[in-house]
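I set out to record what I looked up in this model, entry by entry. The entries are kept brief.

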Amino acid sequence: MAGTGSIDLAIIILADGVRPDVLRTLAGAGELPCISRAFFSEGYPHEGVTVLPSVSSIAYIPMLTGQYPGTANVPGLRWVDKVDFTRRKLFLQGHRSYIAPSQMRLDGDLSPDLETLFELNPESLAVRSDVRRGLLHGASIVSNLSFMPCMFFAHYLRRGDFVDHLVMSQAISWLAKTHDRSPRFLFLPLVDVDKVSHRYGPAHRRTIESYRRVDRVFGRLADHLREQRLWTRTHIILTSDHGHTDTKQHLDMSGLLSELGYSVFEHPNVYRRGADAAVMISGNSFGNIYLSSGGRWEAPLTSEELEGEHSKVLAAISQRDEVEWCAYRERNRGIKILARNGEALLDLEDGHYTYGFNGSDPLRLGLRHNRVKRAHALAKTVETAFPDALEQLWHLFQSQRTGDIAVTAKPGYDLRGWREFPEHRSSHGALCREHMAVPILSNLPLTGLPDGGIRTADLFPTVAEGLGLSPAKPHFGHSLL
Ligand SMILES: [Zn+2]
């Protein structure tokens, strides 16, 4: 691929919840003929890593902005802003759950210090995207509102095939209608695999059927582009925002805090007053936990308050079989990671991460040196149980909205108890390899691939460079062209 400005159209198809290993196996068995032809026979199939928390909507942010959830100031599908929380007069003040209709507030919650591909390129279209900042096309906003009843039924029926067909029909009709002045960037999130995975599990035969449906939906777009002779001038990237793991048991994190004597605020019960703890779960394997200190909520807590006033919470969480580890802000600087048999301290100094631990390494990184150049952070961890752990954990805590304690469940468990209806039999949100690994399939060669692995944040400058656009605000990606 030539590089800057070399294409007419860029398309990101975000097949929500698609695991790269399942995709590769099915493609190899001839079960996904359209995807196989475009990306495995003729194209370039790669894998990459998403972000922490690995949850829908939030994990769209890196590919559209090059930022991470923490630096974008949206550290989960649900969060509390402690500064505003006790001042709240309105029910939506100081906390969020991006489950419709609050999902419409995501754009306004994003940090002003980032720019979206839609802002960089006004000739963009997105169908049912949760991130919309900078989209000029009025029809895309209307279509998002009109998709809301569909998304409501998709959530409770745990199927998204009809949503995906609508998304693709809209995209193809826009491309056909605007043939003379086609959009230059198209963002198409597909939800079927995620919805079905949650209901049945990532390897269930019904989930495998949803992969086949995604193939057929993609095939409609591929056929259109080939018929219109647009294929070779279009860069298509098919990716995902997270993987999935089977969920056998639920740990009721709110119940755990209640048993310790806390009065817990959580969604959907946003009417509770006088709470001294808040539990905000994403995915459902990741949780932000917030605690008041001395009855006050004003600021994030550090190890000083957590290991003193709230030591029973740290002990209770870190000793649970269902919990992988929890992390929190160290008193002076840095991030502490606590697991049942060990604790670690992560810091960033002079462009190097430092990482040391006592007891067993909670992240099982197996690092040969305790100092890692930031530029090598992905390469040094990409093959471990927690890919990109240093970069993701550090940047998660750059947001004051990130919990006083961030906690992740082990595969096989989640943190949402009875509150999720219908019951989830599969989860994501954590930093484990199965949740972090995503496919990055390209119909054009990516000649700028780094040695140490790809992040979904790299898609932002990749699309920008292909279209000849120059990001003006800081981001964490590196162009793959
Ligand atoms: Zn999901």
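Predicted model: local features only at pLDDT ≥ 70, side-chain atom pairs only at ≥ 80, totals over all residues.

Entry 1, strand 7. I looked up the cover on strand 7 (residues 234–239) and found six of its six residues buried.

Entry 2, partners of strand 7. I noted that strand 1 (residues 9–15) pairs with strand 7 in the parallel sense over six bridges. Strand 20 (residues 437–442) runs antiparallel to strand 7 and is joined to it by three bridges. I followed L238 in particular: it is the bridge partner of I13, and it stands opposite L441 in strand 20.

I traced an open sheet of nine strands with mixed pairing, in the order 9-10-11-17-12-13-14-15-16. Strand 9 (264–265) and strand 16 (371–373) are its edge strands, each pairing on one side only. Within this order I looked up strand 12 (residues 323–329) and strand 17 (residues 405–409), which run antiparallel and are joined by five bridges. C326 stands opposite V407 in strand 17.

I found helix 13 (residues 311–318) lying across strands 11, 12, 13 and 17, at about 150 degrees to strand 12. Helix 15 (residues 389–396) lies across strands 12, 13, 14, 15, 16 and 17, at about 80 degrees to strand 14.

I located S41 in helix 2 (residues 33–41). Is S41 buried or exposed? I recorded S41 as exposed, because 11 other C-beta atoms lie within 10 Å. S41 and N443 are 402 residues apart in sequence, yet 9.8 Å apart in space, C-alpha to C-alpha.

How values were computed. Residues numbered from 1 in each chain as written. Helix = DSSP H or I, 4+ residues; strand = E, 2+ residues; numbered from the N terminus. Buried ≥ 20, exposed ≤ 12 C-beta atoms within 10 Å, placed from the backbone. Pairing = 2+ DSSP bridges. Contact = placed C-beta atoms within 7 Å. Axes fitted to C-alpha atoms, helices over the stretch in contact; angles between N-to-C directions.
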